[in-house]
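Please study the sequence and the model shown below before reading on.

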Amino acid sequence: MTAIAPETSRTPLARSSSASLSSGQLPRWAPWALLGASFLIVAAPFGLAALSSGTGFNVAGTLILGALLYLVLITVISRIVEDGRKAKDRLITGVVTVAFALAMVPLVSVAWTVLANGLARMDGLFFGSSMKGTVGEGGGALHAIMGTLNVTLAATVISVPIGLMTAVYLVEYGRNGRMAKAITFLVDVMTGIPSIVAGLFAYALFALIFGPGIRMGVMGAVALSVLMIPVVVRSSEEMLRLVPNELREAAFALGVPKWLTILKVVLPTSIAGITTGVMLAISRVIGETAPLLITAGFTDAMNYNLFSGRMQTLPVYVYSQYAYQGIPAEAYVDRAWSAALTLIIIVMVLNLIARVVAKIFAPKTGR
């Protein structure tokens, strides 16, 4: 008897490449085509209304209504061509994508606005001089940049050791004890305190020691550290909890004491996440204005000493340039925008440095 060869079935690749409306599956270009058609359908009446009334085209309304129309069309067509389960999947995927796009709108808008307005004064004079003796045009923000770096560095030096050691106690020693629960509760409360409260606390603390009316850069560092410590504690605590207990037990089995296990095993394993948490804490406080306005004050001259005299910072510089405009007003506004852009660049550079540090000191997983 002659064996009959089985019929060769079509491969999944061939089936997917020939997907059409009659195959029970939408082709890959269908969602993009529906998205473009939705925007065109919605844009038509908005365009006619803009032409008839002489007003500008409503871009925001077109994007929002077009996205809603797309969600309706993709769900209905998918339910007709495919099935209800696939239609729900496409609907949820569309909702998540639209939510992501809406979340990106203010971020992109703020970044574009600061970039467009801040480039006007990004020159050598802005980065190489202070505002001492400057009235009107000219001047720079060197004193504010150095003040921001000094105050933020001092706040980091104060808050990171305290926050990291607190997290180590909560994870390695405290466990579920009463002290650990009390510390966790206080940290959660401190996370939500207004920044002005931290500034008032630092001012009251130094006023008791040096008298009322005192303004120093170290006061601003203490105020920022009050805001940083809870963020460092919570982020470091979560990273330390992610370290597998098997690593600790392996070190204990070799006779390594607990403190050395924490220092040589636990912390190096979680260093990448801890570094990220520290950078989040720095980004949280580097743009604060109210506590620094109360504690460090503002000045037009250079001051590198944290323990003597007022110290200008970039957030306070932006506020003072915009709030107390002189003649011409455009010069003050341009300096404010450039200082805001400089602050964003500093945060971005610090985040890049943190990623490099985390990559260098992270444990190597390869052989």
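In which loop is Pro-244 found? In this predicted model, Pro-244 is found in the loop between helix 9 and helix 10, the latter covering residues 245-253. Pro-244 counts as partly exposed because its relative accessible area is 38%, which falls between the limits of 20% for buried and 50% for exposed. Although Pro-244 and Val-266 are 22 residues apart along the chain, their C-alpha atoms are separated by 8.9 Å.

A second residue, Val-42, belongs to helix 2, which runs over residues 30-53. Is Val-42 buried or exposed? Val-42 is buried, because its relative accessible area is 9%. In sequence, Val-42 and Thr-62 are 20 residues apart, and in space their C-alpha atoms are 5.9 Å apart. When neighbours within four places in sequence are left aside, Val-42 is in contact with Gly-61, Thr-62, Leu-65, Gly-66 and Leu-69.

Between Ala-154 and Leu-224, which are 70 residues apart along the chain, the C-alpha separation is 9.2 Å. Leu-224 itself touches Val-151, Ala-155, Val-285, Glu-288, Pro-291 and Leu-292, again without residues up to four places away in sequence.

How do helix 6 and helix 9 pack, and at what angle? Helix 6 spans residues 142-174 and helix 9 spans residues 217-241; the angle between them is about 35°, and their axes are 6 Å apart. Their crossing is right-handed. Sorted by class, the residues in this contact are 19 nonpolar, eight polar and two charged.

The discussion now turns to the nonpolar cores. The largest nonpolar core has 37 residues, and those touching the most other members are Val-151, Phe-206, Leu-224, Met-228, Leu-240, Leu-267 and Leu-306. Two or more residues of this core are given by each of helix 6, helix 8 (195-210), helix 9, helix 11 (258-269) and helix 12 (271-285). Helix 9 provides the largest share, with 11 residues. Another core lies apart from this one; it has 12 residues, including Ala-141, Ile-145, Leu-314 and Val-347.

Finally, the model may be read beside a database record. An unreviewed UniProt entry places the feature "domain: ABC transmembrane type-1" at residues 145-354. Over residues 145-354 the model is 78% helix and 0% strand, with the end C-alpha atoms 20 Å apart. The unreviewed UniProt entry also places the feature "transmembrane region" at several spans, among them residues 151-171 and 183-210. Residues 151-171 are 100% helix and 0% strand, and their end C-alpha atoms lie 30 Å apart. For residues 183-210, the end C-alpha atoms lie 30 Å apart, and the span is 89% helix and 0% strand.

Key
Residues are numbered from 1 along each chain as its sequence is written. This is a predicted model: local features need pLDDT of at least 70, side-chain atom pairs count only at pLDDT 80 or more; totals for chains, interfaces and linings use all residues. Side-chain values use heavy atoms; hydrogens and water are left out. Axes are lines fitted to C-alpha atoms, for helices over the stretch in contact, and angles run from 0 to 180 degrees between N-to-C directions. Helices (H or I, at least four residues) and strands (E, at least two) are DSSP runs, numbered from the N terminus. A crossing is left-handed if the near helix is turned anticlockwise from the far one by less than a right angle, and right-handed if clockwise. Ala, Val, Leu, Ile, Met, Phe, Trp, Tyr, Cys and Pro count as nonpolar, Asp, Glu, Lys and Arg as charged, and the others, Gly among them, as polar. A nonpolar core is a set of buried Ala, Val, Leu, Ile, Met, Phe, Trp, Tyr and Cys residues joined through side-chain atoms within 4.5 Å. Buried means under 20% relative accessible area, exposed over 50%, partly exposed in between (1.4 Å probe, protein chains only). Contact means heavy atoms within 4.5 Å. UniProt positions are given in the numbering used here, feature names are shortened, and annotations may be inferred rather than shown by experiment.
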